[in-house]
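Student: I have a model open and would like to learn how to read it. Can we go feature by feature?

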Amino acid sequence: MALQDCVIAGYAETELRYKSGSEPFALGGVIMDSLLNSTGFSKSEIDGLIVTPSVSAAATAFWAQSFVEFLGLELNFVDTVDLGGCGAAGSVARAAAAIDAGLCSTVLVICSDTPTSRFDYVNYSYHEEWSDPVGLMGPPGSFGLLSKRYDHQYGLDPEALAKLAVTQRNHALLNDNACQKLRTPITREDYLNSRMIAEPIRLLDCVMFADGANGLLVTRRDIAKARKLDRFVVPIGYGEVTNVGGASSLVDITNAGHTSAGARAFAQAGLTPGDINSVHPYDDFLIAIMLQLEMLGFCKPGQGADFIRETNFAFDGDLPLNTGGGQISAGQAGLAGGGTNLVEAVRQLFGQGGPRQVKDTENALVTGIGWINYGRNWGSSVVLILAPDA
Amino acid sequence: MAKLNDTVDVSRGSFRELPFSHPFWEASREKRLLLQQCPRTGQFQFFPRPVSIATGRTDLEWREVDGRGEIYSYTLTHLGPGPFKGQDPYAVIIARLDAGVDIVSNLVHASTEDLCIGRRIRPYWMPLDDGRHLLLFEPDSEVPGK
C-alpha cells in the first residue's frame with residue numbers, strides 16, 4: 001500500500017508565541033534547520049516541499065515557490081496544501097502520493113504562520129454577501145449555531161467540555177512549546193464562568209491565535225531503512241472529505257466529514273477506535289473534540305458527553321488526548337495550526353514526550369478540521385492514523 | 001415577554017454581489033424572494049451558485065417563494081464585528097425555509113421567547129441604502145401548511 005511505503009523521518013516545532021514579531025519564512029527556516037539536524041539528511045537530499053498557507057501572507061500568490069527560494073532549495077515537486085487545519089495531515093498524504101508516483105523521494109513539510117504579528121487574510125467567498133451583512137461572528141458564530149442545534153438534538157453538557165478544557169490545559173503546563181500566555185492552570189469553574197462569546201460558545205471554548213511553525217520530513221521507507229534511522233513513524237491509514245453533503249440543500253449541521261473519513265482511515269489501518277492508543281483531534285473549539293469522538297466511532301452520536309465523563313484523557317490515562325495541550329491550550333499557529341497536534345502525535349510515537357510521554361505507543365490518531373461552510377458544519381475533515389515503524 | 005435585542009437599525013454598509021446572485025438582489029428591491037431552482041431535480045438552493053449543486057449543470061431557474069419557515073438553530077452574539085459592535089447581544093439564526101433551503105440571518109421584531117428552535121418565521125426585508133433589501137426574519141403567527 002502506497003501510503004505505508006513512506007515514513008515520517010523527523011518532526012520539528014517552534015515555541016508558540018503571542019505577538020512574536022517574527023514572520024513565516026524565518027520560522028520555516030528554523031523548522032528546516034531543526035529537521036536536518038534531527039534526521040541527518042542534507043539539504044540537497046530534499047527534492048520536494050509542501051507548505052501550508054499563512055494568515056500572515058494569505059493575499060500572496062506563489063507562496064510555495066517563494067518558500068523554496070528563501071530556503072535555497074532546488075526541487076522536483078512543490079505544492080501548497082490549502083485545506084486550513086487539515087493542511088498538515090493532508091500534506092503527509094500528498095507527500096506520500098507524490099513519492100509513490102515517483103515525482104520525488106524526500107519531502108519537507110513546513111507549516112509556518114505568524115497571525116498575531118502580521119495579518120494579511122481576506123475572504124473571497126460567501127462571507128461578504130451572505131454572512132457579514134447579518135453579523136455572523138466568524139468561527140465562534142458558526143460554532144454557536146452548531147452547538148445550539150447539537151443541544152437541541154442531544155443535549156449539550158458544559159461539564160463535559162469543562163473536563164476537556166482542564167485536561168488540555170494540564171497538558172499545556174507540561175509543554176514548553178505552548179504559548180506562555182496560556183500556561184496557567186484552569187479549573188472547571190474557570191471554564192463554566194468564562195464569558196459568552198456567541199452563546200453557547202464561551203471564551204474558554206475558543207482557540208487563540210499565536211505565532212509558530214512546525215514541520216515533518218517525509219521520505220521513502222527504503223531510504224529511511226538504508227540510513228539506519230533508529231526511529232520513524234509510518235502513516236497507516238488516511239481519510240479525507242471536503243464539503244460533505246455538498247449536493248444537498250439541507251444537511252444535519254451536527255454531522256461532518258469525519259464519519260466517512262474516519263471509517264476509511266480505520267479500514268486502511270486495520271484498526272478500530274478501541275485499538276487507538278492516543279488521540280490528537282483538531283481543536284478550534286472544545287465541542288469539535290466531542291463531535292469528532294462521536295463521528296470517529298469512539299462513542300455514538302449524542303453520547304460524547306457520557307464518553308468524556310467516563311474516560312481519563314490525561315497523558316497517563318485511558319485514552320491520552322492532545323497531550324501537548326491541543327491548540328486551545330497551546331495556541332493556534334494560524335493556518336499552520338493543524339501541525340501542532342500532528343507533531344505531538346509523532347513526538348509521542350518517537351517516545352520523546354518527556355514529562356507527558358504516553359505509555360502505549362503502538363499507534364496514534366490525528367485529525368484535521370478546515371474551513372467553515374455557510375450555515376453548516378466545518379468544510380474539510382481529515383483523519384490520519386500513525387504507527388511507529390509499522 | 002422581554003424584547004429581543006434587534007439589529008434593524010444596524011447599518012449594513014455596501015457589499016458586492018457575485019454575478020450569479022444578481023437576480024436575488026434585484027428582486028429584493030421589490031421585497032420578493034427569488035431562489036435558484038434546479039429544473040432537473042426541483043431542488044432549491046441557497047446561497048446562489050454558478051451551477052446546480054445537485055447536478056453541476058448551469059441550467060438554473062429562478063423561482064419566487066414566500067420565504068416562510070422555522071428557526072433551525074441560533075446563536076446570541078456577544079462580540080459583534082464591525083457595525084454590530086455595541087449592539088450585542090443579537091441573534092444570528094439559521095432559517096430553514098419550507099422551500100428546503102437554510103439561510104443565515106437575523107431574527108428581528110421578536111421577544112426572547114421567540115428565539116427558539118422550531119419557531120415559525122417569515123421574511124422581513126430590511127432596506128439597504130442602495131434600494132436593495134436584506135433578508136431578515138421575524139416571528140410568523142400563521143399556521144404552516146395553509
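Student: Among contacts in chain A between residues at least 6 apart in sequence, what percentage join residues at least 24 apart?

Tutor: First, the ground rules. This is a predicted model, where local features need pLDDT of at least 70, side-chain atom pairs count only at pLDDT 80 or more, and totals for chains, interfaces and linings use all residues. Residues are numbered from 1 along each chain as its sequence is written, while chains are lettered from A and ligands numbered from 1 in the order in which they are written. Two residues are in contact if their C-beta atoms, placed from the backbone, lie within 7 Å. In chain A, 79% of the contacts between residues at least 6 apart join residues at least 24 apart.

Student: How many helices and strands does chain A have?

Tutor: Helices (H or I, at least four residues) and strands (E, at least two) are DSSP runs, numbered from the N terminus. Chain A has 13 helices and 11 strands. Its radius of gyration is 19 Å, close to the 21 Å that the globule rule gives for 390 residues, so chain A is as compact as a globular protein of that length. That radius is taken over C-alpha atoms, and the rule is 2.2 Å times the number of residues to the power 0.38. The C-alpha atoms of chain A fill a box of roughly 55 × 45 × 45 Å along the principal axes.

Student: What share of chain A counts as buried?

Tutor: Count neighbours. A residue is buried if 20 or more other C-beta atoms lie within 10 Å of its own, exposed if 12 or fewer, and partly exposed in between; C-beta atoms are placed from the backbone. By that count, 57% of the 390 residues of chain A are buried.

Student: Which residues of α9(A) are buried?

Tutor: Start with its length. The expected span of a helix is 1.5 Å times one less than its number of residues. Helix α9(A), residues 258-269, has 12 residues and reaches 16 Å from first C-alpha to last, close to the 16 Å expected. Its buried residues are A:H258, A:T259, A:A261, A:G262, A:A265, A:F266 and A:A269. They cover an arc of only 165 degrees around the axis, which puts them on the same side of α9(A). The arc is that of the directions from the helix axis to the C-beta atoms. What covers these residues includes β8, α10, β10 and β11 of chain A. Just after the helix, A:G270 takes a positive phi of about 70 degrees.

Student: Why is α13(A) described as largely enclosed?

Tutor: In α13(A), 12 of the 12 residues are buried, so the rest of the structure largely encloses this helix. Among them are A:N341, A:E344 and A:R347. A:G351 follows α13(A), with a positive phi near 75 degrees.

Student: Which backbone angles deserve a second look?

Tutor: Most residues other than glycine have a negative phi, and most peptide bonds are trans. A:K19 is not a glycine, yet its phi is positive, about 50 degrees. A:K19 lies in the loop between β1 and α1 of chain A. A:N243, also not glycine, has a phi near 65 degrees. A:N243 sits in the loop between β8 and α9 of chain A. As for peptide bonds, the one from B:D88 to B:P89 is cis, with omega near -5 degrees. B:P89 lies in the loop between β4 and β5 of chain B.

Student: How many residues does each chain give to the contact?

Tutor: Chain B gives 35 residues and chain A gives 28. On the side of chain B that touches chain A, β4(B) provides the largest share, six residues. That side divides into 19 nonpolar, 12 polar and four charged residues. Here Ala, Val, Leu, Ile, Met, Phe, Trp, Tyr, Cys and Pro count as nonpolar, Asp, Glu, Lys and Arg as charged, and the others, Gly among them, as polar.

Student: Which strands pair across the two chains?

Tutor: Two strands pair if DSSP finds at least two bridges between them. Two bridges join β5 of chain A, residues 196-199, to β4(B), and the strands run antiparallel. A:E199 stands opposite B:L76. The peptide bond from A:E199 to A:P200 is cis, with omega near 5 degrees.

Student: In what order do the strands of the open sheet in chain B run?

Tutor: The order is β2-β1-β3, with antiparallel pairing. β2 and β3 stand at the edges with a single partner strand each, so one side of each is left without a neighbour in the sheet.
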